[in-house]
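Student: I am new to this structure and would like to learn how to read its features one at a time. Could you take me through them slowly?

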Amino acid sequence: MQFVLLGFSDLPNLQGFLFTVFSVVYIIILIGNFLIIVITSMDPALQKPMYFFLANFSSLEICYVSVTVPRILFNIEMQDRSISVMSCAVQLCFFLIFGTTECLLLAVMSYDRYVAICNPLHYILIMNPTKCTHLAVSSWLGGIPVQIGQTCQIFSLHFCNSNQIDHFFCDIPPILKLACGDTSVQELSVYVVVMVLAALPFILVLTSYSKIIATILRLPTAKGRAKAFSTCSSHLLVVVLFYGSATVTYLRPKSMHSPGTDKLLSLFYTIVTPMFNPLIYSLRNKEVIDALKRLFFKA
């Protein structure tokens, strides 16, 4: 049995344009995140926990978009939209695993900023290399068993309504629409997993930033407040962009899902946000800008 990813087949006159746009965006994401990985690894001034996690985040973004974008480009170029059930399951599983890693890593990054601003005298002691490594590894591996289980549960369903997935990649909402019978158990499972692996990290992020903002407001000088907030604003913006669009997608009831809205929201958190992340972290961070200058103009 095979599925058919309809993707953007309803825009036949724009296939060439869409291929160009997705190709350019993919290249921007790869180059932008690769540059961040290079400078955070090579520049002595960026050998800090904050940039260690940023390098992990950039590596994750490359993996995250590589699950979906190459398949989109293949479907548009070859006009072959079929995908085997196994390939669809593998794509969904990796997409969910990397999505979970992003949720956990964003929470870890907010904890790092919390320690740096609220407990600066013990920052180096608390965020030592061993602890940073453990936090990063836990973020990468934390969602694997749960998301493998969730993928197996979804693909254990019988599909009889159609084999056409009205989406540009294998995602949970459009796949559940194809299932026979009652899918309320699977929907409930999705809500529970989202609450545990996305909502709880988001609550940790909000808690960290509430304490950070309270600490910043108590700083005696406006310059000190501006400097402290500038180190957090980039991360906070990324958190809002990612969690906002992803939460709306996965916490809406099945009856409220529409193909057009699902595609738009998915484009936002799977492609648009990863494209802007390197810009957000570099253009709003003086240390990163200086490191990029040293990389390109050190001669």
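Student: How many of the residues count as buried, and what does that word stand for here?

Tutor: Buried means under 20% relative accessible area, exposed means over 50%, and partly exposed lies in between, with a 1.4 Å probe and protein chains only. By that reading, 49% of the 299 residues of the protein count as buried. Please keep in mind that this is a predicted model, in which local features need pLDDT of at least 70 and side-chain atom pairs count only at pLDDT 80 or more, while totals for chains, interfaces and linings use all residues. Residues are numbered from 1 along each chain as its sequence is written, and side-chain values use heavy atoms, with hydrogens and water left out.

Student: What is a nonpolar core, and which residues touch the most other members of the largest one?

Tutor: A nonpolar core is a set of buried Ala, Val, Leu, Ile, Met, Phe, Trp, Tyr and Cys residues joined through side-chain atoms within 4.5 Å. The largest one here holds 78 residues, of which Phe-22, Phe-155 and Ile-175 touch the most other members. Helix α3 (residues 85-118) supplies the largest share of this core, with 15 residues. Contact means heavy atoms within 4.5 Å, and Ile-175, leaving aside neighbours within four places in sequence, has contacts that include Cys-88, Leu-92 and Phe-159.

Student: What share of the contacts join residues at least 24 apart in sequence?

Tutor: Among contacts between residues at least 6 apart in sequence, 78% join residues at least 24 apart.

Student: Which residues does Ser-245 touch?

Tutor: Ser-245 lies in helix α9 (residues 222-251) and, with a relative accessible area of 6%, is buried. Beyond residues up to four places away in sequence, Ser-245 touches Leu-265, Phe-268 and Tyr-269.

Student: Why is Leu-264 classed as it is?

Tutor: Leu-264 is classed as exposed because its relative accessible area is 61%, and this residue belongs to helix α10 (residues 259-283). The C-alpha atoms of Leu-264 and His-167 are separated by 10.0 Å, although the two residues are 97 residues apart along the chain.

Student: Where does Ser-184 lie?

Tutor: Ser-184 lies in helix α8 (residues 184-217) and is partly exposed, with a relative accessible area of 36%. Ser-184 and Lys-211 are 27 residues apart in sequence and 38 Å apart in space, C-alpha to C-alpha.

Terms used. Helices (H or I, at least four residues) and strands (E, at least two) are DSSP runs, numbered from the N terminus.
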